[in-house]
Structures are given as C-alpha cells and as structure tokens.
Amino acid sequence: MRTAVYERYGPPEVMRLQQAADPVAGEGEVLVRVEASTVGASDSAGRSGTPRFARLFFGLTKPKHPVLGSDFAGVVERIGPGASRFAPGDRVFGTLAPAMGAHAELVTIAEHGPIAHLPDRLDAAGAVATVDGFLTALPFLRDVGRVRPGQRVLVNGASGTVGSAAVQLARHFGAHVVGVCSAVHEPLVRSLGAEHVIDYTHDDFTDARNTYDVIFDAVGKRSFGACRAALTPHGIYLTTVPSAAIMLQWPLTRWFSRGRRAAITFTGLRDIRLKAADLPLLVELIESGAFVPVIDRVVAFDDIAEAHRRVDSGHKAGSVVVAISQVPSAKPASRQVAPGDFAPSDSAPGEVAP
C-alpha cells in the first residue's frame, strides 16, 4: 500500500509517498481501504514540530509517527477473527485518534472503536470531513460548556473545521449562535445556523459586555482575559489551544471562582470508547440534515503537500480532504446542495457538501 510519510520536521515539502506492507486485521479488527482522509491542524503541528510543545506527542527531536492522519472513510476490505459488526464491502468512516496512520491506503481499527457505517446521504469525502470537527466541538459544548436552549454562544473561528461544527451543534442544542469569521465566509456561517456574524477584520467581539453565556475560541486566537468582560456573570470561555495562561486559569476559575470561568479539554486524547459512543449521534444528525460537512477542498493523495500548505495558510474554510483511493461503490455518492449552500466544487474553498 502507499502511505504519506515524513522523516524530519519541516515545511509541507517534507511529505512524500512511500510503499509499505499491507496491515493485517487482528482479532476483533476490520481492515479498511481508505478512500478519503483529512489534513488538519494536528497534522500540520506534527509535520512542522510547532508549536514546540507538540513535540511532546510527536517526538522531541524527530518524528516518531511517520504516517500522520487520524480520520478516514472508505470500504471494509477484510474482517479479523471474531469480528462480526462489519462485513467486507461495508462503507464506513471514523477515526484512529489519538493514534495516527490514516494517511495510507489501508488502516486497521477495532470493530467496536470509533467507526460507523457511512450515512447514505454522504460520500467518503463528505463523511470524513465531519469527524474531527464534530468530535472536537461536541465535548467542549455539551460536556464542558453545557450549552442549553436559549443561551447565547459565540464561536470564534466559525468557518473552520471545529468552528463550523460548533455553530451547528450549538444551534442543535437550542442556543442563539454568533459566529466570528471574515466577511467572505459570512454566507457559509449563516447557512450553518449562526443568527449573527461578526467580521473580525472590522469589529472586535470582545468589546461586548455581559453578553455571551459561552465563548468558544475554536482557533485559540483570543485569551480569557480579553474575552472575560464579554461573558455573562456566570459565563464560560473555552479554547482549543493550550497555553501557560489557560492551564493556570482552568483550575483556578473552576475551583475558586463563582463567576466567569475558563476551560480547556484535550479532545484528541479522549478515550476511544467515548468517541465510539458519540459517533451514532453524528450519524443521526447527518441523516436528519442537522449536521453537514464543510469542505474547503479535495486534494489528490499525490499532492498531500498541497493539503498541508492550505492548512498552514490559516485561511481554509472547513476541512481539507485528501482523496487517497477510489473503490467502486454499491451506492452512488450524494453531493446535493441545499438552497443557500455554496455550490460544490472539489477545488472551491468554502464548499458545503450536505
């Protein structure tokens, strides 16, 4: 099989394709031929070795995970001894996280891990584009922020992979959602459920006072200190990006503050059993039309360095998908566009693929 590997930290050009032995499905495992994966912020951090604390996971001096990628969508090729939940030919999607290795033509995963049957309304690219954003935003909003109907939730970075998922989930939970993004992405963010959109190039959402019950900084660009006054008296600030400040503010405001709080949770390191338990909700929301993937672009496996360059730019909208292999499908892929969504194009930024 072909895999995308890197042997040193550096720019996107350190990525290259290499042949490797095919994996074998072990006891209770399934072997999946991967049609699509994604390149996200964690892959960019792993490849570049920045920020420096990322090397605590990826390797202090050189990469210890030569094949990046966690999310996958494809077709079950074989099942291992004792496996019965899936059968060869089943179309599936899921994640290997916190493990890596999805930037490959074949992956193995425990059948009771974070893997589910592909929703009928999505093709592989659309399905894989939902995984990271959903599994990141859900614990923040549901478990930490405890978003409830009627609350005001602000999502900073609302057009990104995690932010676009957060807008949809907050709306699903009954909140009034405000998205922060650039003006070019306002139509996209509104189509996902935001009632109001703030163009960060012209307005600063932190100028508000006592306004938001939850501020979810999906891109880690604003600090708790900057956002504190914009929170309601018992509001909570959530961030996806660790820093020395948030690691101190998190326990202090949790245990000693009766007012505004700050929090972080490391969703990528969650127990795979918890991720597996959350996937049925994702499937349910997709099938009901309440959650749609947002695809920035689809890049060929041979051009995976270009996918890394796009993520590094910091200007993508939604997920950058890598088309790894194509397997004949028993069902036609669905890429229909609902009214108000952007028209689909594999190379067009900001695509919404319901």
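This is a predicted model: local features need pLDDT of at least 70, side-chain atom pairs count only at pLDDT 80 or more; totals for chains, interfaces and linings use all residues.
Just after α9, G314 adopts a positive phi of about 75°.

In α9, the residues I304, A305, A307, H308, R310 and V311 are buried. The cover over the buried residues of α9 includes the strands β1 (2-5), β3 (29-39), β14 and β15 (319-323), together with helix α1 (41-48).

The axes of α1 and α9 approach within 9 Å and cross at roughly 105°. Because angles of 65 to 115 degrees count as roughly perpendicular, α1 is roughly perpendicular to α9. On the α1 side the contact is made by A41, D43, S44 and R47, and on the α9 side by H308, V311 and D312. By class, the residues of this contact of α1 with α9 are two nonpolar, two polar and three charged.

D303 sits in the loop between β14 (294-300) and α9 (304-313). Its relative accessible area is 43%, so D303 is partly exposed. Between the C-alpha atoms of D303 and A323, which are 20 residues apart along the chain, the separation is 9.5 Å.

**Domain layout**

The domain assignment divides the protein chain into domain 1 (2-131 + 268-323) and domain 2 (134-267). The C-alpha centres of domain 1 and domain 2 are 26 Å apart. In the contact between them, 21 residues of domain 1 meet 20 residues of domain 2.

An unreviewed UniProt entry places the feature "domain: Enoyl reductase (ER)" at residues 10-322. The span 10-322 is 30% helix and 26% strand, and its end C-alpha atoms lie 20 Å apart.

**Helices α3 and α8**

Helix α3 (residues 124-144) and helix α8 (residues 272-288) have axes that come within 10 Å and cross at roughly 110°. From α3 the contact involves T130, V131, F134, L135, L138 and R142; from α8 it involves K275, D278, L281, L282, L285 and I286. The contact of α3 with α8 comprises eight nonpolar, one polar and three charged residues.

L138 belongs to helix α3. With a relative accessible area of 0%, L138 is buried. Leaving aside residues up to four places away in sequence, L138 touches D143, L169, F173, D278 and L281. The C-alpha atoms of L138 and L188 are 20 Å apart, at a sequence separation of 50 residues.

**Backbone features**

| Peptide bond | Omega |
|---|---|
| T50 to P51, cis | about -5° |
| A97 to P98, cis | near 10° |

P51 lies in the loop between α1 and α2 (55-58). P98 lies in the loop between β5 (91-95) and β6 (106-110).

Positive phi values also occur outside glycine. R146 is not a glycine, yet has a positive phi of about 50°. The loop between α3 and β8 (152-156) holds R146, and this residue is exposed, with a relative accessible area of 58%. N210, likewise not a glycine, has a positive phi of about 50°. N210 is placed in the loop between β10 (196-199) and β11 (212-217). The relative accessible area of N210 is 46%, so N210 is partly exposed.

Technical notes: Residues are numbered from 1 along each chain as its sequence is written. Side-chain values use heavy atoms; hydrogens and water are left out. UniProt positions are given in the numbering used here, feature names are shortened, and annotations may be inferred rather than shown by experiment. Helices (H or I, at least four residues) and strands (E, at least two) are DSSP runs, numbered from the N terminus. Axes are lines fitted to C-alpha atoms, for helices over the stretch in contact, and angles run from 0 to 180 degrees between N-to-C directions. Contact means heavy atoms within 4.5 Å. Ala, Val, Leu, Ile, Met, Phe, Trp, Tyr, Cys and Pro count as nonpolar, Asp, Glu, Lys and Arg as charged, and the others, Gly among them, as polar. Buried means under 20% relative accessible area, exposed over 50%, partly exposed in between (1.4 Å probe, protein chains only). Domain bounds come from an automatic or database domain assignment. Angles under 35 degrees count as roughly parallel, over 145 as roughly antiparallel, 65 to 115 as roughly perpendicular and the rest as oblique.
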